[in-house]
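Hi everyone, thanks for coming along. Have a look with me.

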Amino acid sequence: MRTIKDLDLNNKKVLVRVDFNVPLNANYEITDDTRMQKAMPTIKYLLSEGAAVILCSHLGRPQKKKNEDGTINVKKYTLKHVVEHLASLTGAEVQFASDCVGGETELMAERLEAGQILLLENTRFYAGESKGDLDLAIKLSRLAEIYVNDAFGTAHRAHASTATVAQYFKPENKALGFLMHSEIESADKLLKSPKRPVVAIVGGAKVSDKIKLLEKLIEVVNHVCIGGGMAYTFKKALGGSIGQSLCEDEYMDLALEILAKAKDLGTEIHLPIDTLIADDFNNEANTDVVDTNHIPDDWQGLDIGPKTIEAFRKVVLGAQSILWNGPMGVFEMETFAKGTNQIALAVGEATQNGAYSLIGGGDSVAAINKAGLSDKVSFISTGGGAMLEYLEGKVLPGIKAISE
Ligand code: AMP
């Protein structure tokens with residue numbers, strides 16, 4: 001896979017698709033600049049190699065959240081909001097083009113000098129962006145001689161600036177940025193040549209969202225710990241009483257198939273033994289801990305219980321490679337956050353003991369950060385959906401476009 005290290009960048013105009021889709025507060029100030037920080041190694045390398053850097057990104061969903069008169073809410077979704085911070089992170093001069101394509105922008109790109117940055121306006125101001133529009137892609141391609149994709153968070157989308165645009169650059173003039181490369185490398189480390197035993201911890205609300213992941217994982221890992229709301233579909237399918245807990249009845253057969261297939265493959269699946277139940281979906285609800293197979297009718301399971309935490313912890317501490325995707329309970333509410341927090345601690349501990357750990361998926365990443373363990377795990381993915389699809393074995397359009 002070509003990376004920017006394989007390119008001759010001196011005095012070249014380089015169009016880089018980054019993911020600057022950062023959260024902003026009501027005053028349009030950046031509240032978390034992780035995504036910008038993660039793009040810095042690529043941007044700084046390009047600048048140091050003598051390139052003129054043209055950055056494009058989306059910010060939010062301006063097409064879905066239009067003004068009442070049907071126009072784009074430019075004030076809210078303009079990438080101007082990040083210009084100042086970009087200049088301070090890079091130490092470079094940052095110019096801003098108020099349209100991501102067009103004559104004026106082409107002129108700005110042409111005049112851009114080595115060591116300077118031109119940030120383009122939100123690519124999603126054009127409806128063609130999300131449709132992978134050829135015309136928009138051609139116009140973007142006119143801005144530069146080289147195309148680099150470093151936006152892992154949108155690599156699973158075949159959009160104009162993430163995929164279509166790449167077809168207008170010769171193979172020797174396009175490459176992956178460092179962030180994209182490290183995300184792929186870390187997933188491959190788990191999927192293709194992991195140190196064993198490999199443990200996957202999978203949680204979150206729905207089995208339906210994770211079924212493809214589970215099907216893939218049972219083929220490559222040694223243990224799968226299943227927690228979160230999705231575990232109850234498995235428990236009910238096995239004959240347990242799960243009360244009002246989350247359940248997707250239509251996925252019970254598939255859940256049983258996965259259990260049977262895992263058994264054939266010699267992959268151990270660990271389901272919750274006990275559960276923290278509540279009489280309401282609410283942080284102040286009455287709670288109790290019961291056997292997961294015997295949840296009373298009017299109660300619901302909202303976190304894994306202490307015996308399950310201990311069992312999962314043991315499996316995690318015995319691992320040489322760990323993948324974690326999805327919370328063990330409704331961790332947004334303090335009362336039901338213990339399972340997720342304890343798993344975060346176990347993953348951190350196993351990593352300190354020498355295991356390789358990859359955290360993928362927004363909620364597990366949030367849990368790791370909240371526990372202050374972000375520097376105690378091996379790799380934190382920036383792309384929830386993209387990482388999930390890559391782990392499922394799908395070819396991501398953003399990666400395919402570079403390799404074609
Ligand atoms: P996902 O986006 O599929 O990873 O799911 C994350 C969501 O699952 C979080 O918002 C959790 O609150 C929710 N979740 C986890 N466990 C449960 C549970 N036992 N019951 C209901 N929701 C849950």
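Here is my opening question: with which residue does glutamate 219 form a salt bridge? The partner is lysine 261, and the closest N and O atoms are 3.5 Å apart. This pair links distant parts of the chain, with glutamate 219 in helix α8 (residues 207-220) and lysine 261 in helix α10 (residues 252-265), 42 residues apart. By salt bridge I mean a side-chain nitrogen of Lys or Arg within 4 Å of a carboxyl oxygen of Asp or Glu. Helices (H or I, at least four residues) and strands (E, at least two) are DSSP runs, numbered from the N terminus.

Before going on, a word on where this comes from: it is a predicted model, in which local features need pLDDT of at least 70 and side-chain atom pairs count only at pLDDT 80 or more, while totals for chains, interfaces and linings use all residues. Residues are numbered from 1 along each chain as its sequence is written, and side-chain values use heavy atoms, with hydrogens and water left out.

Back to our pair. The cut-offs are under 20% relative accessible area for buried, over 50% for exposed, and partly exposed in between (1.4 Å probe, protein chains only). The areas themselves come from the Shrake-Rupley method with a 1.4 Å probe, and for residues only the protein chains shown count as cover.

One joins aspartate 135 to lysine 139, with 3.2 Å between the closest N and O atoms. Both residues lie in helix α6 (residues 134-141), 4 residues apart, about one turn of the helix. Aspartate 135 has 43% relative accessibility, so it counts as partly exposed. Lysine 139 is partly exposed too, with a relative accessible area of 28%.

The other is between lysine 192 and aspartate 188, at 3.5 Å from N to O. Here lysine 192 counts as exposed because its relative accessibility is 62%, whereas aspartate 188, at 19%, counts as buried.

Now let's zoom out. The protein has 15 helices and 15 strands, and 55% of its 404 residues count as buried. Along the principal axes, the C-alpha atoms fill a box of roughly 70 × 50 × 35 Å. What radius of gyration does the protein have? It has 23 Å, which agrees with the value near 22 Å that a compact globule of 404 residues would have. That radius is taken over C-alpha atoms, and the globule rule is 2.2 Å times the number of residues to the power 0.38.

Members need over 30% relative accessible area and no salt bridge; like charges are joined within 9 Å, and nonpolar side chains (Val, Leu, Ile, Met, Phe, Trp, Tyr) within 5 Å. For charge, Lys and Arg count as positive and Asp and Glu as negative, with His and the chain ends not counted. Each charge is placed at NZ of Lys, CZ of Arg, CG of Asp or CD of Glu.

Arg61, Lys64, Lys65, Lys76 and Arg157 make up a positive patch. Arginine 61 sits in the loop between β2 (52-56) and α2 (74-77), and it is partly exposed at 49%.

Which residues gather in a patch of negative charge? They are Asp279, Asp280, Asp297 and Asp298. Aspartate 297 is in the loop between β11 (287-291) and β12 (300-304), and its 60% relative accessibility is why it counts as exposed.

There is also a nonpolar patch of Leu134, Ile138 and Tyr168, with about 240 Å² of accessible area together. Leucine 134 belongs to helix α6 and is partly exposed at 45%.

Let me finish with two C-alpha distances. Lysine 170 and isoleucine 146 are 24 residues apart in sequence and 8.6 Å apart in space. Isoleucine 273 and leucine 140, 133 residues apart in sequence, are separated by 54 Å.
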